Amino acid sequence: TQSRSSAAQMCIRDRSYIAKHTPELAHAVVDAGAVSLLVLCVQEPELALKRIATQALSEICKHSAELAQTVVDQGAVLFLAPYIAHTDPQLKRQVCNCLARIAAHAVELAESVVEGEIFPKILNCLKDTDVMVRKNSATCIREIAKQSPDLAKLICNSGGVAAIVDYISDSVGAARLPGIMTLGYIAAFDESLAMGIIASKGIPPLRNALVKEQEDHIKAAAAWSLGQIGGHSADHARALAEADVLSHLLAVYKYPHSSEDLKTKARKALKSILQMCSHLPALDPLISEAPEDILTYVLHQFAKTLPNDNEAKKKFVMSEGLKKIQEIRASPGSKLRTYIDDINQLYPQEIVQYYSPDYAATLMKKLDDYNGGD
């Protein structure tokens, strides 16, 4: 029996090795009738056979929706899903990886994975002692979350957001990435889902990843997710502004050694949040720090909000905001110039003149003219 099992493992390993290289080779393995046999091997009591058969199915699934559908049609999900709660870490890694690769291709395939009743069991894997079980389960959840609003809601209703927030908080480096992206995908679908992430304290670990992570692609994912959360409404934007997210996004955007992708995602996130942000105290510090392309969005918010808020108008003067915008050299006819002019028109002309950079020189000239007149 042992020699027969070893022969079976060797045979499966060969097919797995062939299938992993290209879609054409994976199709050849499928056409040879391997999938039904692999599904049978998954059901065998021997652990080593389960592992290697699951890996082979995973190698087939990864290439295309068509190949993944073939695996699903043979009933693989029904037999794989229960192993999410297995005690063997290696098998759990392979199962989560295989289910992630199935779900990645299409909504229907992701729904097939969910129908295997993996929730809420898979959330327990996010706290597994094995780091790859944690990462692969997070990846599986990400691949499901990105497919549709209904699947994102299902994850939320299963307690998935809080579990992912904890996962990001407890992880570092590349392991964080699938969790970070999961929150972004969920937030992108629906403002109530995004607010659920805020309520589950999802902003601090995303901000932490933006600031503390060493790799720019992880920082970029955090910036993207923060933009997805903050771009829905004034309430969403305020939550991010009060958590000091804007200054950190601006810092990575301005940092000369940031990758182009990180700069692009930080800029898009800033734009998305700023266009919704009416919480002016959080925008004040950006006036003296932001480059012109970002400053345009900042001053647009002041130009929109100040006319309807007399208290905010006073605070804008007291915080030296009015003084700062007089020092900005904006091109005539630019949006930035328009917003500065719109704000200036909200104040008496003598106050605007008082805060102008050349005010002292103008006074001295008047004094000289006056003395000259004597």
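I take a salt bridge as a side-chain nitrogen of Lys or Arg within 4 Å of a carboxyl oxygen of Asp or Glu. The model is predicted: local features need pLDDT of at least 70, side-chain atom pairs count only at pLDDT 80 or more, and totals for chains, interfaces and linings use all residues. Residues are numbered from 1 along each chain as its sequence is written, and side-chain values use heavy atoms, with hydrogens and water left out.

**Helix α19.** Lys 265 and Asp 261 both sit in α19 (residues 260–274), 4 residues apart, about one turn of the helix. Helices here are DSSP runs (H or I, at least four residues; strands are E, at least two), numbered from the N terminus. I checked accessibility next. Lys 265 is partly exposed at 27% relative accessible area, and Asp 261 is partly exposed at 37%. My cut-offs are buried under 20%, exposed over 50%, partly exposed in between (1.4 Å probe, protein chains only).

**Network.** Salt bridges that share partners join Glu 59, Lys 62 and Arg 101 into one network.

**Helix α17.** Arg 238 forms a salt bridge with Glu 242, closest N and O atoms 2.7 Å apart. The two are 4 residues apart in α17 (residues 234–242), separated by about one helical turn. Arg 238 is partly exposed, at 39%.

**Across the sequence.** I counted 15 salt bridges by this rule. Lys 127 pairs with Asp 170 in a salt bridge, the closest N and O atoms being 3.8 Å apart. Lys 127 lies in the loop between α9 (121–125) and α10 (131–145) and Asp 170 in helix α12 (residues 160–170), so the pair ties together parts 43 residues apart in sequence. Lys 127 is exposed at 58%. Asp 170 is exposed at 60%.

**Helix α18.** Val 245, Leu 246, Leu 249, Leu 250, Val 252 and Tyr 253 are buried in α18 (residues 245–254). They cover an arc of only 165° around the axis, which puts them on the same side of α18. The arc is that of the directions from the helix axis to the C-beta atoms.

**Gln 147.** I found Gln 147 in the loop between α10 and α11 (149–157). Gln 147 counts as buried, at 16% relative accessibility. Beyond residues up to four places away in sequence, Gln 147 touches several residues, including His 105, Val 107 and Phe 189; contact means heavy atoms within 4.5 Å.
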